[in-house]
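Here is a quick briefing on how the parts of this protein model meet one another. Have a look at the structure first, then read on.

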Protein chains: 2
Amino acid sequence: MRIGLIAPPWIPVPPPAYGGTELVVDALARGLAAAGHEVLLAAPSDSTCPVPLVPDLQPADSRTLGFTDAELAHVVRAYAAMADMDLVHDHTLAGPLYRHRPVLPVVATNHGPFNAANTAIYAAASRDVAVVAISRHQASTATGVRVARVIHHGMELGNVPVGDGGGYACFLGRVNPDKGIAQAISIARTAGMPLKIAAKMREPAEIDYYDSVIRPQLGSDVEFLGEITPQEKYALLGGAAAMLNPIQWDEPFGLVMIEALATGTPVVGTPRGAAPEIIVHGRTGFLTADLDQLAGFLQQAPDLDRAQCRAHVERHFSARRMVEDHLQLYADVLAGGTGLPAVPEAAAAGLPGTVRPEPGRDPGSG
Amino acid sequence: MRIGLIAPPWIPVPPPAYGGTELVVDALARGLAAAGHEVLLAAPSDSTCPVPLVPDLQPADSRTLGFTDAELAHVVRAYAAMADMDLVHDHTLAGPLYRHRPVLPVVATNHGPFNAANTAIYAAASRDVAVVAISRHQASTATGVRVARVIHHGMELGNVPVGDGGGYACFLGRVNPDKGIAQAISIARTAGMPLKIAAKMREPAEIDYYDSVIRPQLGSDVEFLGEITPQEKYALLGGAAAMLNPIQWDEPFGLVMIEALATGTPVVGTPRGAAPEIIVHGRTGFLTADLDQLAGFLQQAPDLDRAQCRAHVERHFSARRMVEDHLQLYADVLAGGTGLPAVPEAAAAGLPGTVRPEPGRDPGSG
């Protein structure tokens with residue numbers, strides 16, 4: 001199959017540091033190519049993903065993040081290079097509504113939460129485009145959007161070593177109240193376990209939150225490492241007794257959870273967003289909305305079987321599984337099996353029938 | 001004719017203060033309605049333009065200015081309300097590329113300069129959409145864009161009194177080096193004429209420029225008024241001997257020039273962008289790239305006939321003329337006379353032939 005992938009213009013693929021969307025697009029591109037498919041990737045020109053790139057795109061510019069002019073210009077140039085593809089998988093927000101030519105079947109993934117603005121956008125796009133949700137929870141919030149399929153993220157496991165665990169808990173994310181960084185500190189202190197925090201802190205709001213809330217709570221038992229490299233990340237995760245993930249919002253997926261499990265480290269956190277789809281309570285971690293109980297669960301985490309944690313990711317959250325799910329979806333779209341016309345514009349005269357999201361795999365059964 | 005107008009989501013129509021696009025959309029909406037047409041305006045819900053508004057849109061939010069999610073969500077909701085229109089005139093950036101349903105003929109105006117990003121966007125849009133340029137100069141910079149027509153802006157003149165002129169020069173714009181505010185100060189001082197400056201100053205860059213460059217140059221002969229209301233604007237303009245407009249960039253139109261002329265006040269400035277299409281050198285003002293000569297021209301400006309300045313706007317830059325030009329374009333689009341198919345999607349199989357921009361009226365002959 002000839003598959004065009006379109007990443008946003010803000011961050012290279014793979015990302016040098018923070019960038020969940022770009023990490024997933026990178027794994028998908030490599031996996032599709034490894035499976036023998038022809039992949040053409042539209043991404044910033046400084047991307048290093050080892051597949052053919054659309055030429056003459058701009059280098060990544062995070063200063064234009066979210067702006068219509070930069071995104072739409074990128075989308076226009078990307079689709080102009082896709083004429084020979086069988087199908088386009090679009091990871092931008094503006095692309096799925098673009099009246100591109102020649103008309104191609106399009107699959108679109110929303111990597112963020114469904115909010116008022118982008119729900120209206122994906123609802124309109126889903127008349128013509130197969131919209132992928134990244135968790136059943138995210139799909140349940142996509143009011144008015146015809147979700148063609150739920151496909152969980154996956155990750156490449158070849159370079160991720162299983163760690164031996166250790167005597168500390170870790171936190172990985174952004175310096176943001178939604179991520180539960182303050183709750184993690186409180187839980188670790190109550191459990192009497194040291195905490196190592198690795199977190200992105202670049203935006204003014206992140207720096208303000210660090211200065212006003214987080215820094216005053218640091219001490220010999222709670223260490224702040226800042227933003228770390230992928231190598232440092234896996235060492236930190238693999239050396240931990242558990243990863244604390246007491247998120248305070250409905251995160252649509254949560255790559256850090258599968259990254260922790262991949263190193264053998266269980267996850268202790270709140271059952272919000274996609275967390276219950278990723279963590280098997282009592283086997284690969286513990287989930288409860290009761291923050292007081294989480295300290296007790298953190299103390300129990302070293303008793304969990306680290307090999308089970310790794311095996312769960314290999315079975316349910318590998319790049320291979322993610323690639324297979326997408327190939328099945330692409331084939332279904334081309335065959336008309338998603339209820340969408342293979343060539344979107346053919347639907348111009350009327351809207352096709354409703355497609356229900358598939359139940360998807362249940363990690364709890366693995 | 002049933003005409004849908006789509007304004008951007010950032011500023012109400014008409015604008016309470018700064019907002020050239022919204023001022024033009026307001027004049028167009030009123031003029032089309034006054035000419036007996038059915039107008040439906042998609043604009044922020046706090047707009048006060050006296051035509052029917054698309055219901056349930058968001059209020060203006062300038063904090064989201066330029067962002068894809070806010071703009072595209074607005075565009076999706078706007079087109080969803082346009083099904084019964086004969087034609088849509090879209091003033092957003094994202095709208096002209098939106099695969100809307102049911103498919104309607106679309107006219108799109110670029111109110112800003114053509115830069116690398118939006119030129120790619122309008123070039124793609126112009127396969128299906130009649131792109132309007134707001135000056136011949138702007139059209140000349142639209143590389144790869146099939147410009148359907150050049151239509152100069154116009155303004156409602158009924159409420160604009162002709163002033164008596166006076167002993168000062170004025171400057172109207174933003175606190176920005178491109179607008180020539182520092183040059184205006186220098187020209188006025190050389191000419192020995194007091195200067196009154198009214199300018200928007202909200203963005204951090206504007207405030208920085210004011211603090212570092214403009215404020216140190218103020219004095220009893222150079223007064224800074226900040227941002228002013230429309231009423232104050234016409235009083236300031238009408239009471240001036242001339243408006244200084246020594247722009248340092250190729251401004252695609254320049255509403256302030258026709259606003260000054262409407263009050264009878266000539267314009268002295270640089271011949272950049274659309275200025276030579278608006279100002280008749282030696283009759284409604286003076287244009288030269290030589291900044292040293294501008295002080296001499298400023299001294300000559302009181303000798304020009306203020307009635308001629310007003311008459312020039314009435315003839316070439318009235319809302320009535322702007323409305324008539326658009327109605328002619330709309331009719332041509334519906335009749336297929338612009339070379340675009342009346343229903344854009346019919347062009348999906350192949351691109352129609354090239355349309356050259358029309359020469360447009362020449363203000364110099366008026």
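**Where the chains and domains meet**

The rule finds 4 salt bridges across the interface of chain B and chain A. Keep in mind that this is a predicted model.

**Chain B against chain A**

- One salt bridge joins the side chains of Asp128(B) and Arg99(A), at 2.8 Å from N to O.
- Between chain B and chain A there are also 22 residue pairs in polar contact, both at pLDDT 80 or more.
- On the side of chain B that touches chain A, α2 (68-80) and α3 (116-125) of chain B each give two or more residues, and α2(B) gives the most, with 7 residues.
- By class, that side of chain B has 18 nonpolar, 3 polar and 8 charged residues.
- In all, 29 residues of chain B are in contact with 29 residues of chain A, and the area buried between these chains is about 2,800 Å², with 55% from carbon and sulfur atoms.

**Domain 1 against domain 2 in chain A**

- Tyr18(A), His137(A) and Met155(A) supply 42% of the area that domain 1 buries against domain 2, more than any other three residues.
- The count between the domains is 0 salt bridges, while 7 residue pairs are in polar contact, both at pLDDT 80 or more.

Note on methods:
Residues are numbered from 1 along each chain as its sequence is written. Chains are lettered from A and ligands numbered from 1 in the order in which they are written. This is a predicted model: local features need pLDDT of at least 70, side-chain atom pairs count only at pLDDT 80 or more; totals for chains, interfaces and linings use all residues. Side-chain values use heavy atoms; hydrogens and water are left out. Buried area is the accessible area (1.4 Å probe) that two parts lose on being put together, summed over both. A polar contact is a pair of N or O atoms within 3.5 Å; within protein, one must be able to donate a hydrogen and the other to accept it, and residues adjacent in sequence count only if both atoms are side-chain atoms. Contact means heavy atoms within 4.5 Å. Helices (H or I, at least four residues) and strands (E, at least two) are DSSP runs, numbered from the N terminus. Ala, Val, Leu, Ile, Met, Phe, Trp, Tyr, Cys and Pro count as nonpolar, Asp, Glu, Lys and Arg as charged, and the others, Gly among them, as polar.
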